[in-house]
Amino acid sequence: MNYYEQSLDALMHAYGRFDVTFDHGEGVHLYDVNHKEYLDFFSGIGVNSLGYNYPEYVASMEKQMHRLMHISNYFNTVETIEAANCIKKATKLDKVFFTNSGAESTEGALKLARKYYYLKHGKADSEVISFHHSFHGRTTGSVKLTGNPNYQKAFGPLIEEVQYATLNDLDSVKSLINDKTAAIIVEPVQGEGGVHVCTKDFLQGLRQLCNEHDIALILDEVQCGMGRTGTIMTYFQYDIMPDILCMAKGIGAGFPMGAFVANEKFASAMQPGDHGSTYGGNPMAGNACRTVFQIIEEKNLLSHVQEISEYVIEKLDELKDRYPCIKERRGLGLMIGLEFDRPVKDIVKSCLDKGLIVVTAGPHVVRMLPPFIIEEKDVDQMIHILESAIQEIL
Ligand SMILES: Cc1ncc(COP(=O)(O)O)c(C=O)c1O
């Protein structure tokens, strides 16, 4: 059996995997077991913001592995405390809870908002507002927050009382708010749902509504945070603050970890025994996180993301002008969606065959989440491959 056949044999069929088996990565490139090179414009779903084998990151993780890998949350480690301080400084929020994934971050954020509601009202009957086409994870709590019935239908009854509003339509939110609403959860840029960007008026309107009704505004920046959109957190471009923030993916740049972070008002609802995680924020994770923050700052990566994303957008807009089958180019920074007037599955597959990794976000959208370290020559190569893939489907 080749590796693809072995994977079908040994792994649960939960993913529609491509027939590619990777061996290693270097910079913005991946290499499969047959030594074929791929230009990576996907970063393992927006995780590998530093690309592959980033020297300072690898050296730091190697050193940490020798010192201490895991110790549990009964004790402190310097790495975890320093990582939390980095997050506090960057997010301008007050308290951090470390998780191991994005779904755990959204679940934890939900529990925190519900606990605040419980302390205030003395009853556990809260509701939450989420959005159609949102994505917040696959655990039974987070999949209910995810506004896509396809991900939910086989797994009921689901546990959370969640109502779905329409993105960028404040009236649709207002009509759902009631005395039991504990939280509104939203991605400033919807990723899986097709790369839809919240308008400034909308997010500021949500902030206002949450203030008026004492509701937690939860921003899910699992995909769009940690510099991907050109600021360390996307909400800084909207001049608002969340009450609770969900982080993951780029926070560890390859080491599996996440966090939910809150202002003092909501964080103070959390008491010993309310929540926990064996691994959450262990010294390896803490070290990954503090190292990523350090590298982003020292290498001026946010400025690079801002500059290179302008070049990507310029080139994609030129491509759109050449091919009317491209309906819209959306996104912020290095979180980009290209909507076509037809299914894009074949375009994505053809790109892969030609050595470029992009993926879909819904049937008609090609999604790109390249590493922050891409250069103009990588963008030119991406455009060249994508264009030849488009020509094949015309
Ligand atoms: C916005 C958002 N929230 C939550 C998640 C879930 O993260 P994970 O797959 O790490 O559980 C994702 C994953 O793509 C995401 O994009």
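Predicted model: local features only at pLDDT ≥ 70, side-chain atom pairs only at ≥ 80, totals over all residues.
**Salt bridges.** I looked up the salt bridges and found that the structure holds 24 of them. I then went to E192 and R367, whose side chains meet in a salt bridge at 2.9 Å, N to O. E192 lies in the loop between β8 (189-190) and β9 (196-197) and R367 in strand β17 (residues 365-368), so I note that this pair ties together parts 175 residues apart in sequence. Checking the cover, I found R367 buried, with a relative accessible area of 3%, while E192 is partly exposed at 23%.

I next looked at E387 and R322, which form a salt bridge with the closest N and O atoms 2.9 Å apart. This pair also links distant parts of the chain, since E387 sits in helix α13 and R322 in helix α11 (residues 301-322), 65 residues apart. E387 is buried at 15% relative accessible area, whereas R322 counts as partly exposed at 41%.

I also recorded D341 and R342, a salt bridge with the closest N and O atoms 2.8 Å apart. Elsewhere, salt bridges that share partners join R67, E79, E82 and R290 into one network.

**Surface patch.** I found a nonpolar patch on the surface formed by L68, I71, Y74 and F75, which together have about 460 Å² of accessible area. I placed F75 in the loop between α3 (55-67) and α4 (78-91), and it counts as exposed because its relative accessibility is 56%, against a cut-off of over 50%.

**Helix pair.** I looked up helices α12 (residues 345-353) and α13 (residues 376-393), whose axes come within 9 Å and cross at roughly 130°. That angle makes α12 oblique to α13, and I noted the crossing as right-handed.

Notes:
Residues numbered from 1 in each chain as written. Heavy atoms only, no water. Patch = residues over 30% accessible without salt bridge, like charges linked within 9 Å, V, L, I, M, F, W, Y side chains within 5 Å. Areas by Shrake-Rupley, 256 points an atom, 1.4 Å probe, with all protein chains shown as cover. Salt bridge = Lys/Arg side-chain N within 4 Å of Asp/Glu carboxyl O. Helix = DSSP H or I, 4+ residues; strand = E, 2+ residues; numbered from the N terminus. Buried < 20%, exposed > 50% of the residue type's maximum accessible area, 1.4 Å probe, protein only. Axes fitted to C-alpha atoms, helices over the stretch in contact; angles between N-to-C directions. Parallel < 35°, antiparallel > 145°, perpendicular 65-115°, else oblique. Left-handed = near helix turned anticlockwise from the far one by under 90°.
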